[in-house]
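I opened my notebook to go through one protein, step by step.

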Amino acid sequence: MTAINKVVVVIGAGMGGMATAARLAKKGYSVQVFEAGDRHGGKCRTEWINGYAFDTGPSLLTLPAVYRDLFQRTGDVLGRVVELKAVDPSFDYRFHDGTSVKFANLSRKKTLEAISDSYGAAASDEWDQIMRRAEAMWDVSREPFIESELTSIASLLKRRSLIKDFFVIAPWKSIRGLAIKSPHLRKILDRYATYSGSDPRVAPAVLSSIAFVEEAFGAWHITGGIGKLGDALYQRCLDRGVIFEFNTRVSEITHDNGVVTGVALKDGRIIPATTVVANADAGMIYSGLIKNPPASVRRAARSIAKMEPSLAGFSLLLGLAPSDEPKLEHHTVLFPENYDQEFESIFSKKVPVADPTIYICAPHDQTMVEKKGHEAWFVLVNAPRHGVDAFDAFDWSDRDFADQYAQKIIDRIESRGIPIRNRLELLEIRTPADLETSVLAPGGSIYGTSSNGSQSAFNRAKNRSPLKGLYCVGGSAHPGGGLPLVGLSAEIVAQAIITEDGGGQLSSLDRH
């Protein structure tokens, strides 16, 4: 059954909002999207600055089947609108002691050989065991935790395989609890916690499944930049008849007797709707957009308030002239000697990291520069979120400090044998305060909320809110942040709405 002439309002034109809009519009809904900013895509964007293009949000795509499914279900296939290219090696990991290892894309065998060459057979065997366990965790968590609505712990207790699954997931273990003897591999595994903005010392061990997903389904680049995916999704929405209004802020989600009645816009307009999809920070939705909330909403707001915000990011956009030096791999990570000091600074002391892990995205993509041989590097270090409360955040509004910190990062890159200053034609600095302003991400938190603690999955905003007709999508809602999970979030929300209206099922492609 196809829904006809039913209006759905979407708050926010991020990837989650647009993916939901496209799926619903294909089913016959009339979808209106209101975006406070002046463009689509949310954090997923490729920005051109003086002849250089930078992926200033996601800089690789994993689990591409999520978006292949989305585009196939809403019209033409993904391969006709963007060009996906495997990034091989997926990552070049470099350590303070001068050693390094490159992880192959889509080949555990080659990765294990590389580990053995760098750190010996014992380290290689250790990583193989970790990946086998990560694969088992993925198999167990994928359907109930990631691809489905997560309503409560009680819903999981009904599973026949509960006891077996419990010991596979090992919710009492953190990523750090997966004891790895190799100090180099420990740092690599720790890094997967930061993919969800979390602290590996307390983030659940199941996040190690991200490493398996990256290995099994690949790390992918999109020619022209990852932002092309957002552009293609925006066009798909337009093709399906979705209406967008930019520079239009929603001031309130209106309701009556626990049921959504529409939204109020800052310009004074009232838009009636019995279904609203909020692609915005969950804390802002519950504390700022729902006035006079019923008790059920207040309880949900308290649960969300328990969530620790994800880490933020301090980034440099570097435009570099040609060089005779060997090119970096597409993704390079420079680890410091003391990785724990990074998490202590961010999550405990709320101060910038003195010697941070440095991620460099140097795409081998000539369509991202105007002049042949030039390079556009995106450099990111993890950082505490922005705020004026010194006990809970760090004030990133001091531009002089930001300039000094940027120079320290460049110093550290050069100290690792990677020359920059003699090539530098463009330097732009982006702080957590800038991210907060540009995409309304509170504190500049990259992923909304972290996955710190075993209860984090259950405290995160549910896709179906207690306010009937209001749905939450995006990085701060279930199942979490990052392009694949946001895409799955949209699929879950679209299916919930369609099912509620008696419209049948959204069939999905196999992702394993």
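**Entry 1: around one tryptophan.** I looked up what Trp 127 touches, leaving aside its neighbours within four places in sequence. I found Phe 103, Thr 111, Leu 112 and Ile 115 on the list. I also found Leu 185, Ile 188, Leu 189 and Tyr 192 in contact with Trp 127. I noted that I am working with a predicted model.

**Entry 2: the cores.** Which residues touch the most other members of the largest nonpolar core? I wrote down Tyr 93, Trp 127, Ile 188 and Phe 314. This core has 129 residues. I then found a second, separate core of 26 residues. Leu 265, Val 276, Cys 472 and Ala 477 are among its members.

**Entry 3: the whole protein.** I counted 16 helices and 20 strands in the secondary structure. I looked up the radius of gyration, which is 22 Å. The globule rule gives 24 Å for 512 residues, and the two values are close, so the protein is as compact as a globular protein of that length. The C-alpha atoms fill a box of roughly 65 × 55 × 50 Å, taken along the principal axes. How many of the 512 residues count as buried? I noted 58%. I then took the contacts between residues at least 6 apart in sequence, and 72% of them join residues at least 24 apart.

**Entry 4: surface and charge.** The accessible surface comes to about 20,700 Å². Carbon and sulfur atoms account for 51% of that surface. I found 59 positive and 60 negative side chains. The centres of these two sets lie 6 Å apart.

**Entry 5: helix α2.** I turned to helix α2, residues 65-74. Seven of its 10 residues are buried, so the helix is largely enclosed by the rest of the structure. I listed the buried ones: Ala 65, Val 66, Tyr 67, Asp 69, Leu 70, Phe 71 and Thr 74. What covers them? I found that the cover includes α1 (15-26), β5 (61-62), α9 (227-239) and α16 (483-500). Just after α2, I checked Gly 75, which takes a positive phi of about 155°.

**Entry 6: Gly 227.** Is Gly 227 buried or exposed? Its relative accessible area is 2%, so I marked Gly 227 as buried. Not counting residues up to four places away in sequence, Gly 227 touches Cys 44, Arg 45, Thr 46 and Asp 55. I also looked up Phe 244, 17 residues from Gly 227 along the chain. Their C-alpha atoms are separated by 18 Å.

**Entry 7: Ser 182.** I found Ser 182 in the loop between α6 (162-169) and α7 (183-194). Its relative accessibility is 9%, so Ser 182 counts as buried. Leaving out residues up to four places away in sequence, Ser 182 touches Ala 123 and Glu 126.

**Entry 8: Ala 136.** My last stop was Ala 136, in helix α4 (residues 121-146). With a relative accessible area of 30%, Ala 136 is partly exposed. Under 20% would have counted as buried. I then looked up Ala 321, 185 residues from Ala 136 along the chain. The C-alpha atoms of Ala 136 and Ala 321 are separated by 46 Å.

Key
Residues are numbered from 1 along each chain as its sequence is written. This is a predicted model: local features need pLDDT of at least 70, side-chain atom pairs count only at pLDDT 80 or more; totals for chains, interfaces and linings use all residues. Side-chain values use heavy atoms; hydrogens and water are left out. Helices (H or I, at least four residues) and strands (E, at least two) are DSSP runs, numbered from the N terminus. The radius of gyration is taken over C-alpha atoms; the globule rule is 2.2 Å times the number of residues to the power 0.38. Buried means under 20% relative accessible area, exposed over 50%, partly exposed in between (1.4 Å probe, protein chains only). Contact means heavy atoms within 4.5 Å. Accessible areas come from the Shrake-Rupley method with a 1.4 Å probe; for residues, only the protein chains shown count as cover. Lys and Arg count as positive and Asp and Glu as negative; His and the chain ends are not counted. The place of a charge is taken as NZ of Lys, CZ of Arg, CG of Asp or CD of Glu. A nonpolar core is a set of buried Ala, Val, Leu, Ile, Met, Phe, Trp, Tyr and Cys residues joined through side-chain atoms within 4.5 Å.
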